[in-house]
Amino acid sequence: MLLKAFENGADGVMVIGCLEGDCHYVNGNIRARARVERVYNILEQINIGPERIRMYNLSAGEGAKFAAFTSEFVTRVEELGPSPINLARSNGPKESEQEVQAT
Amino acid sequence: MITGTPKPIEEILEMLEPYDNIIVAGCFGCVTVCRVGGDKEVQVLSSTLRLAREAAGRKIEIKEVCLERQCDPEYLEPMRPYIEDYQAVLSIACGAGIQFMAEKFTKSPLLPGINTGFLGVTERQGEWTERCQGCGDCVLHLTGGICPVTRCAKSIFHGPCGGSVQGTCEVDKEVKCGWQLIIDRLVTLDQMDNYGKLKPYKGWDSSRDGGPRRIIREDMV
């Protein structure tokens, strides 16, 4: 699902989990962290940029913190610019041109 | 189960260099259990390949499939109608499954997406260890249920050898001495007399030394 987000055009993906030690699913947030780390490594290997994914831990009552984390992450992704996928898409032939080429 | 580890993505991308539309084929057998070649891994690998190729400016089309088992002919047959519509198959089944698919579909290049490992067990989620080398002549009844062929680095039959130090093997301090484990178990079971029943030498003709092996069950063929 995390990789699909990048395939679907996301420049960055922010994952929010419960506070560690305070998850309704006991260790669900710890397992989620491991999965995010896996995607981080994949993005690094394929030169998409691992810093485009990050996990934060919050409780449901920390709205202000959520807003601050979101602003921080969005700023970071804006500094990074479009992902190499989106750059390739914007530099490649437009869909209408592709159709012309296909015919 | 048969275990395995993913091949490095750079190696897979290099293998895929000549191709633009492929099948990524997983297997619901052992490789699903050891989290290297099942349906989820097909999805993750396919996404990874699409992203890598598109970022490099050369898209790849991928059909994602996961077969019940790649080592049984009936589960391979459903691929026959469409397999030649694709330039190659990247299989993340074990080496047996990949080879069997290559035998059945001779016009399709088969590429391995994983490195097949060993016959092992799940110690805990994410950790697997070797237990059997399929030597074809089991002696576990004499060795307290611990295999000297697999658990001893030298596969000797009358250990421990001089390289055993305080229960660990000389090849790696993290590796327990298989023969120390066997002796300890035999003592616990009060079966040390089994130690003398082991063969003076082991015949390896039932193992790999006799070439590729075959089992024929007359009651089933």
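Tutor: Two strands pair if DSSP finds at least two bridges between them; strands (E, at least two residues) and helices (H or I, at least four) are DSSP runs numbered from the N terminus. This is a predicted model, in which local features need pLDDT of at least 70 and side-chain atom pairs pLDDT 80 or more, while totals for chains, interfaces and linings use all residues. Residues are numbered from 1 along each chain as its sequence is written, with chains lettered from A and ligands numbered from 1 in the order in which they are written.

Student: How many bridges join β1(B) to β6(B)?

Tutor: Four, and β1(B) runs antiparallel to β6(B), residues 114–124. Within this pairing, Ile2(B) stands opposite Leu119(B).

Student: In what order do the strands of the open sheet in chain B lie?

Tutor: The order is β1-β6-β7, with antiparallel pairing among the three strands. β1 (2–6) and β7 (127–132) of chain B are the edge strands, each pairing on one side only. Neighbouring strands are turned by 70° against each other on average, direction ignored, the axes being lines fitted to C-alpha atoms.

Student: Which elements make up chain A?

Tutor: Five helices and two strands, running α-β-α-β-α-α-α from the N terminus on. Of its 103 residues, 15% count as buried, that is, with 20 or more other C-beta atoms within 10 Å of their own C-beta, placed from the backbone.

Student: Which element of chain B supplies the largest share of the side that touches chain A?

Tutor: Contact means C-beta atoms within 7 Å. By that rule, 10 residues of chain B meet 12 residues of chain A. α3(B) contributes eight residues to the chain B side. That side has five nonpolar, three polar and two charged residues; Ala, Val, Leu, Ile, Met, Phe, Trp, Tyr, Cys and Pro count as nonpolar, Asp, Glu, Lys and Arg as charged, and the others as polar.

Student: What does Leu51(B) touch in chain A?

Tutor: Leu3(A), Phe6(A), Glu7(A), Ile46(A), Ile48(A) and Ile85(A).

Student: Where are the domain bounds in chain B?

Tutor: Domain 1 covers 2–118 and domain 2 covers 137–202, as given by an automatic or database assignment. Their C-alpha centres lie 39 Å apart.

How values were computed:
Contact = placed C-beta atoms within 7 Å. Buried ≥ 20, exposed ≤ 12 C-beta atoms within 10 Å, placed from the backbone. Axes fitted to C-alpha atoms, helices over the stretch in contact; angles between N-to-C directions. Lists of a residue's contacts leave out its neighbours within four places in sequence.
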